[in-house]
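Subject: Structure handover

Hello,

Here is the structure we spoke about. Please open it first, then read the notes below.

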Amino acid sequence: MSPFDTPDAETCGTILTIDLGALVANWRALQAQAGTEAAAVVKANAYGIGIEPAVTALAAAGCRSFFVAHLSEGVRARAVAPDATIYILNGLLPGSCGRYAEHDLSPVLGSPEELREWAGFRAGGARGRPAALHLDTGMNRLGFPAGDGADVVSAFRTEIDAAGIGLVMSHFASSEDEADPANARQMAAFAAIANALPGIPASLKNSSGHFLKDCPSYQLTRPGYALYGGNPTPGRPNPMRAVVGLTSRILQLRDVRAGTQVGYNGRWTAKRDSRLATICLGYADGYPRNASGTDISPGGSAIVDGVVCPFVGTVSMDLVIIDVTDLPSASVKRGDPVTLIGGALDLDAVGAGAKTIGYEILTSLGRRHARRYVGV
Ligand SMILES: *Cc1c(COP(=O)(O)O)cnc(C)c1O
């Protein structure tokens, strides 16, 4: 048993299995593929799998740099990785420099105001690890607007020197779509920035960035989704190992006649005499209600005994109904296990069934499952 495991499956009904060995293997594969140091993006509780177990496993495997979104996440990562460099992507909230220094965390500075505040803090004699500088190359979300990277660098040269910048970075807006011409524009804009700051390590690639043709790795890459088994090359086979598995159990089976309406508001109608199974998981477990299977639109699915069974009716808070008519009736019984994430139902397929992306499935993983950490 891992110290991070949570309650016994007998008391939970659903089991979330997290393969930390696969997580580490994915990190190693991305690092080898990039041919440079790979960091790990562990924001949002390590995309739902648990920041402490993820950071502990990756740091033990040799990962030295981590990215989180919030200061509070940085504090959690620091507690289990005392020697790592931990960057806070959301940057500085006004007046928070002292908290960063207290936990030896590195803000990702994304505006002139943030850069000046951090430079002023450092000028006051504060020590600490170097910060990162974030230049926007097309996302228009966070980061210095970098019309021309060289202009930004010359305009802010004094503050950049005073702030102690250890990394310069930018973020792709559409790297999962190889054909999007925005990728080449962002690569060119970032190359100009990296050129203007010789001697400062640079970082551009997120997960899908690793698979973009002609994209330099610079000194550091920042994969997130692919570490957790998400497919960084949508539409092509997934090169990553699965990290997350989710299973539930059948609570009840029932036979209904063609024409019977099922679930809240009767949004699904049986088109044939059907055998339905009610399973022990709902939207309160982080499975999106948008995965409901209705008369108008199909939704999510589950695998029972190797057969993919569609969701029928509205996803309830604690329950989902699936259609098991295509299974031999003797082979399904109360208590049987049902796979919600795993096998053919990888993160990307589950996301599509819920009209969202695998990232949202991962980061919404519920708090009510028994969590089992394996592979370490
Ligand atoms: C979330 C994030 C990443 C990781 O992106 P993935 O697509 O999950 O690999 C990298 N860099 C920044 C700035 C991010 O916000």
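A residue is called buried if its relative accessible area is under 20%. The model is a predicted one. In it, both tyrosine 100 and tryptophan 118 are buried.

Aromatic rings

The structure holds 10 aromatic pairs. One of them joins tyrosine 100 to tryptophan 118, with 6.2 Å from centre to centre and 75° between the planes. Planes over 60 degrees apart count as edge-to-face, so this pair is edge-to-face. Tyrosine 100 belongs to helix 6 (residues 97-102) and tryptophan 118 to helix 7 (residues 112-123), so the pair ties together parts that lie 18 residues apart in sequence.

Tyrosine 287 and phenylalanine 311 form a tilted pair, because their planes meet at 50°; the ring centres are 5.2 Å apart. Tyrosine 287 sits in the loop between strand 15 (274-279) and strand 16 (301-304), and phenylalanine 311 in the loop between strand 17 (307-310) and strand 18 (320-323), so this pair ties together parts 24 residues apart in sequence. Both tyrosine 287 and phenylalanine 311 are buried.

Ring pairs also link Tyr47, Tyr225, Tyr228 and Tyr359 into a cluster. Separately, the charged end of arginine 222 sits over the ring of phenylalanine 67, 6.0 Å from its centre.

The largest pocket

The largest pocket has a volume of about 790 Å³. Its lining has 34 residues, and those nearest the centre are Lys43, Tyr47, His171, Asn206 and Tyr359. Helix 3 gives the largest share of the lining, three residues. By class, the lining has 16 nonpolar, 12 polar and six charged residues. Domain 1 (20-228) and domain 2 (244-374) each supply at least three lining residues.

Regards

Technical notes. Residues are numbered from 1 along each chain as its sequence is written. This is a predicted model: local features need pLDDT of at least 70, side-chain atom pairs count only at pLDDT 80 or more; totals for chains, interfaces and linings use all residues. Side-chain values use heavy atoms; hydrogens and water are left out. Rings of Phe, Tyr and Trp (its six-membered ring) pair if their centres lie within 6.5 Å; planes under 30 degrees apart count as stacked, over 60 as edge-to-face and the rest as tilted. Helices (H or I, at least four residues) and strands (E, at least two) are DSSP runs, numbered from the N terminus. Buried means under 20% relative accessible area, exposed over 50%, partly exposed in between (1.4 Å probe, protein chains only). A charge sits over a ring if NZ of Lys or CZ of Arg is within 6 Å of the ring centre and within 35 degrees of the ring normal. On a 1 Å grid over the protein atoms alone, a cavity is a set of points where a 1.4 Å probe fits but cannot get out, and a pocket is an open set with protein on both sides within 12 Å along at least five of seven lines; lining residues have an atom within 4 Å of a point. Grid points are joined across faces, edges and corners, and a volume is the space filled by probe spheres set on the points. Ala, Val, Leu, Ile, Met, Phe, Trp, Tyr, Cys and Pro count as nonpolar, Asp, Glu, Lys and Arg as charged, and the others, Gly among them, as polar. Domain bounds come from an automatic or database domain assignment.
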